[in-house]
Amino acid sequence: MTDQTALSFASKTAAGDGVAVVFAEEGPKLSPAAQDLDKKTGQLLSKASQITGFKGKKGTTVDVIAPQGVKFSRIIVMGMGKPDSFGHEDWLNLGGTVRGLLTGREGASAHVYLEPVKGDVSPANVSSFALGAQLRGYTFKKYKSTPKKNGDAGADKMLKKLVIHCADPRAAGSAFAPDRAIVDGVNLARDLVNEPANVLGPAEFAQRAKALTKAGVQVEVLSVPALKKLGMNALLAVGQGSDKPSHVVVMQWKGAGPKGGAPIAIVGKGVTFDTGGISLKPAGGMEDMKGDMAGAACVVGLMQALAERRAKVNAVGVIGIVENMPSGKAQRPGDVVMAKSGTTIEVLNTDAEGRMVLADCLWYAQERFKPKAVINLATLTGAVMVALGKEHAGLFSNNDELSEWLTAAGKETGEKLWRLPLGPKYDKMIESKVADIKNTGGKWGGSISAAQFLQRFIKEGTPWAHLDIAGTAMSSVDSDINRSWGSGFGVRLLDRLIKDHYERR
Ligand code: BES
Ligand code: MN
Ligand code: ZN
């Protein structure tokens, strides 16, 4: 659920109540607002710094209960180290860290006096700080029984109001308009990933995507008869074992208008639950497979963010939404199906289902939209975590420029990518004895053979990148800006890529 905290901006010197957050640089050198509070509290902040050995280092804090005579209940001095060298990610993470300090111990309101010792924080950086704070504020508590009005402290401990004090609150407010769209997009993606599979099956997922219509996105939901007509047999084969019918959703955002030219296409794997099918997964940890639609969730979150910030880009999102179940109707190992492209696939392992879903979606997106580039996201392989852990998502591409753009966007947003190789020798791994290709590539380099499989469905000359987000999109490691199981990985990354390289200026 989106952060329930109302965020606003106010002037540097405006009064506040509840929790005050002020800053100190290395030394410690107190910011003007911190100095002011120090004076009003009879040097309480200086004294507390001395006693606790606080030196203003980045990430360290001094936290005091405010004495009589000031309006605040509590004052937190946050160390920012050396803000002169801060980039976007530092401000973002600082916002997340501060928001984290306010969780669980707060009053209803908090006032952050965001200023270094000298000078001001630019509106763009104030906005990054606010973005980090909002992303950190996300919680998924939908299935926790409502806290009772009296009794449970949980309800009262919610931070209701967060005011960020800065030099130019109006400019910060306008800078934050697009970042608010990012918050909404990331949190939408997180919601979809966190939702259990009994609540969010293919039909419900399609319904949630359909809701983007309200934001100005054109949404089409294709159901089984339409998919059969289109020949999307690889995707349908994966979904045939489930009682829940498969869907493909096509989302179009035409922010650059007819003169904007061909769109960029973003394609997502949306397996609402992956049991493995007849090649059944072991029981331990299988619950995580409710997040096997994180690629599709990212596409939906991104399209919403682009629409909400009125991005001057033509973008189409195509997601394949299926459930992979074992049953009397399920596909078997050894089955052969013909994908929409005409390529035949020998299904050696029904648990290698994501690539079959993507195969038809990739082909469909290229045939219909002739996009200037195609990027797909998928929780495609466990092997990518063996290679890269949970720090980087795997990047595969047939295009060096697109690869570099994506890698740079990853560094800027902190949604990091690491490029892995493709090549003819790897492609050999998916040669089949009975069909054109098989859906597994053997024991080694599992993420690479999966990527080679996808590349079989990319047309000559189309710049394409595949992001294997199995390690970064779900069961995520805690960070300054995320404490949610589903991280919403990819929304900020691709929004940045589009802003830097695909938007009309
Ligand atoms: N959805 C899984 C990949 C996955 C595993 C994502 C763990 C997140 C966490 C995918 O469909 C899968 O099962 N891949 C198999 C491929 C194999 C059968 C060739 C894998 O990685 O083991
Ligand atoms: Mn699988
Ligand atoms: Zn899967």
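The protein chain carries 64 positive and 51 negative side chains. The centres of these two sets lie 3 Å apart. The model is predicted.

Start with the overall form. The C-alpha atoms of the protein chain fill a box of roughly 85 × 50 × 40 Å along the principal axes. The chain has 505 residues, for which a compact globule would have a radius of gyration near 23 Å. The value here is 25 Å, which agrees.

Next, packing and surface. Of the 505 residues, 56% count as buried. Take the contacts in the protein chain with a separation of 6 or more: 78% of them are accounted for by residues 24 or more positions apart. The protein chain exposes about 20700 Å². Carbon and sulfur atoms supply 53% of that area.

Now go to strand β9, residues 247-254. Is β9 enclosed or open? Buried means under 20% relative accessible area. By that cut-off, 7 of the 8 residues of β9 are buried, so the strand is largely enclosed by the rest of the structure.

Which strands pair with β9? One is β8, residues 218-222, joined to β9 by 5 bridges. These two strands run antiparallel. Here V219 has M251 of β9 as its bridge partner. Another is β11, residues 314-324, joined to β9 by 8 bridges. This pair also runs antiparallel. In β11, I319 is the bridge partner of V249. In a regular strand, side chains alternate between the two faces of the sheet.

Most residues other than glycine have a negative phi, and most peptide bonds are trans. Some sites here depart from that.

The peptide bond joining G27 and P28 is cis, with omega about 10°. P28 sits in the loop between β2 (18-25) and β3 (29-30).

K370 has a positive phi, near 40°. Its place is the loop between α11 (354-369) and β14 (373-378). Is K370 buried or exposed? Exposed means over 50% relative accessible area. K370 has 58% relative accessibility, so it counts as exposed.

S475 also has a positive phi, near 50°. S475 lies in the loop between β18 (464-468) and α16 (491-501). At 30% relative accessibility, S475 falls between the two cut-offs and therefore counts as partly exposed.

Conventions: Residues numbered from 1 in each chain as written. Chains lettered and ligands numbered in written order. Predicted model: local features only at pLDDT ≥ 70, side-chain atom pairs only at ≥ 80, totals over all residues. Heavy atoms only, no water. Rg over C-alpha atoms; globule rule 2.2 N^0.38 Å. Buried < 20%, exposed > 50% of the residue type's maximum accessible area, 1.4 Å probe, protein only. Contact = heavy atoms within 4.5 Å. Areas by Shrake-Rupley, 256 points an atom, 1.4 Å probe, with all protein chains shown as cover. Lys, Arg positive; Asp, Glu negative; His and termini not counted. Charge placed at Lys NZ, Arg CZ, Asp CG, Glu CD. Helix = DSSP H or I, 4+ residues; strand = E, 2+ residues; numbered from the N terminus. Pairing = 2+ DSSP bridges.
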